[in-house]
Amino acid sequence: MTELHRKLRTQERALAAHADAVPLAVGAPARLQAAGTWAEHEVTALRRRLVLAQAADPEASGAPGAPAPAVRWATPDRHEASGQTAATATAAGRALAERLTRPGPDHRDRDRLTDTVAVLGRRADDPGFVAGFYDRLGPTGVAVLLHHLFDPAGPARARPAQAAEVLGRGLATYSRVRVLSDAWLGAFSRQGRAGQVETSLLGPLLGHGRFSPQLLERLGDLMFDTTHGSLRDVGLLTGPRGGMRSGPWSARAAHREYAAALLRAIAADPRLAPSFAGRYLPHLLHASRLVTELPQGLRPHGDSWSAALEPARAALLAAAGGAAAQQASPAAARQFVVRLVEMGAAGPPGRISPHLRAAYGQVLHVWRDDLHAAITSPLPPDRSRPDAPGLGLAAGQWAALLRESLRGGASAPLLAADAVTAAARIEEQAWLGTGGYNRPEAGHYPASPRTLAYHQANEIVTFFGTALIDAAEAELRDHAAALEQHQRRTAVLLDILAETAKSIDVTSLVRTLVNLGTGLTVEIVEDRVRRATATLPTERSRAVLAALRVGLRILPAWQDQYRASVTQLWRHRGSSPLRPVRVDAGGGTTRVYTGDPRADGYVTGPADDFLGPGNEPIAVEAMTPLQRSSYGAWLASPAIVANNDRLPSVLGAPPADVVPGWGPAWARAQSPGDRGLG
């Protein structure tokens, strides 16, 4: 309806500009204007209904997994039932703002503010009332009101928590009823200075209510100073007329509190978080590295670089790649995770905060299926399709992010459980899909049809174990480097102290006493330094890691080798026919896999046919998404795996117990030589 209203107004202006030159039916512009007025009225009414529905059922209005709200207005809403229609509610809200702003010698400011908060608290979910209240105050009036309520030296210090909740709910409702554009934000300051937005005043409010995504996004752009318009985030105006928290450090602290609240408010919106975090991901990651590595004096100016924002930054990244964002905005969440993995693999070296490493672990836990698919897929990464197995990313790229997460320690148990569970699930599915293949009359095959699944399960465990060892060894290297640096610094300190002690003239009794005291001090310092820099017991940890690494063996190019072996197997099927594999399909039925992709149902038509003119698989890079999907399934099919006698060398498995040329009658090619064996 909003878009319809906009188009009607645009057409109305266009027709009015050409009314003299273009012959129009009598009354056409008037009818179009009437339609525009009707659309505007409907938009206002629909917005009010939507806000009321969301306020009545907040869990169904944005909670992940909840069904879309289905509201049936069999009776008028509770405000209309009490005689409060939209018009009267708007008038009542305006009247409340009038009483608040009108000078009154018989009412103290604190009493009026307290009464206003109490009344607004009962009507904060009524869009008509809230619209009237905030329309009358205007952006400058709202800024002044917030100053009075939250300034520690202001006149209304009573119950700030309740005031923040009420005004937050009300302003959140208002932001969804009205579009708080640059014009509104440009006047949001106590002096109404054009373009200077006192964003810090919103800090206490952002944790209450569900604010419009458009407003949160605009505030985020201002905070990161990426806009090219006339607005400027001034945080908090200070000076003789500013009044509120006039000290520079308190103003900076207020803006840090606002920035943290804003990032958490954005993180709470699963539709906004992935797109916003993806756009500012370089800034967020760079800020974390600077906070961790650089001294305070060398960090860039600006509250968005503060160490106090690190938990909020991590919360935003975790939410952008979280389960709620994955469900509410799957494309944006997928794109965010792809960019996060790519930047984690190609980013500059440097330590990041424990908060950010924990956020990495949460993202990897949510996207664990894609992580494991990158490890186990027999196909190469498809960079043109983020929705391909592993999101189109290579296993090595995922490994970089995994190592960073594991170095924080907090995510290690969760991600280890994910790896073990995924490996067990792959093996269980292989058993369920190939049950009965080795019944007594089935004979022997070059390999078990479960061999590839066993290898894939082992790859997941090996992949995680290797990343875990790499992370632990990196921590040990950092410890050794820090210890060496500390010992060098301590050695210099001891030399200085020793030279100072030697320089004292011992011919004087007083200087001798000073010399003894100084020498004793050096000895005390030296003893403490030696005990502090003693080698920590890391030898056992190193030995454990070395033993684990010996037991883990990664086959870096097994996918390429496996596909090549399958191509050879398929190419020589004429001289070495593939033996069918009969498995239990459930319900007392069986299914026979022949190895032929068309006969086995992997190729159903031209769209997913991955075989070229020579009846061999075409190049993977030339396949369409459907062809790649069917090709990947055929590569893992029971008959292809069971007949592949190259698996022991390709996958590094021990040789299978194979009896060449022997098998059940139904699985053997009936050649003249076979007939004699009966």
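1. Helix 16 (residues 354–366) and helix 19 (residues 412–433) pack at an angle of about 20°, and their axes lie 10 Å apart. The axes are lines fitted to C-alpha atoms, for helices over the stretch in contact, with angles running from 0 to 180 degrees between N-to-C directions. The two helices are therefore roughly parallel to each other (angles under 35 degrees count as roughly parallel, over 145 as roughly antiparallel, 65 to 115 as roughly perpendicular and the rest as oblique). The crossing of helix 16 and helix 19 is left-handed, meaning that the near helix is turned anticlockwise from the far one by less than a right angle; clockwise would be right-handed. On the helix 16 side the contact uses G361, L364 and H365, and on the helix 19 side L414, L415 and D418 (contact means heavy atoms within 4.5 Å). By class, this contact has three nonpolar, two polar and one charged residues.

2. A word on the model before going on: it is predicted, so local features need pLDDT of at least 70 and side-chain atom pairs count only at pLDDT 80 or more, while totals for chains, interfaces and linings use all residues. Residues are numbered from 1 along each chain as its sequence is written, and side-chain values use heavy atoms, with hydrogens and water left out.

3. Back to helix 16 on its own. At 1.5 Å a residue, its 13 residues should span 18 Å, and the end C-alpha atoms are 19 Å apart, which agrees. L356, R357, A359, Y360, G361, V363 and L364 of helix 16 are buried (under 20% relative accessible area; exposed is over 50%, and partly exposed is in between, with a 1.4 Å probe and protein chains only).

4. How do helix 17 and helix 19 cross, and at roughly what angle? The axes of helix 17 (residues 368–376) and helix 19 come within 11 Å and cross at roughly 60°, so the pair is oblique. The crossing of helix 17 and helix 19 is right-handed. R368, D369, H372 and T376 in helix 17 meet D418, A419, A422, R425 and I426 in helix 19. Those residues divide into three nonpolar, two polar and four charged.

5. Two loop residues may deserve a look. L391, in the loop between helix 17 and helix 18 (395–408), has a positive phi near 60° although it is not glycine. With 4% relative accessibility, L391 counts as buried. N615, in the loop between strand 4 (589–593) and helix 24 (625–635), also has a positive phi, near 65°. At 24% relative accessibility, N615 counts as partly exposed.

Methods: Helix = DSSP H or I, 4+ residues; strand = E, 2+ residues; numbered from the N terminus. Nonpolar A, V, L, I, M, F, W, Y, C, P; charged D, E, K, R; others polar. Expected span 1.5 Å × (residues − 1).
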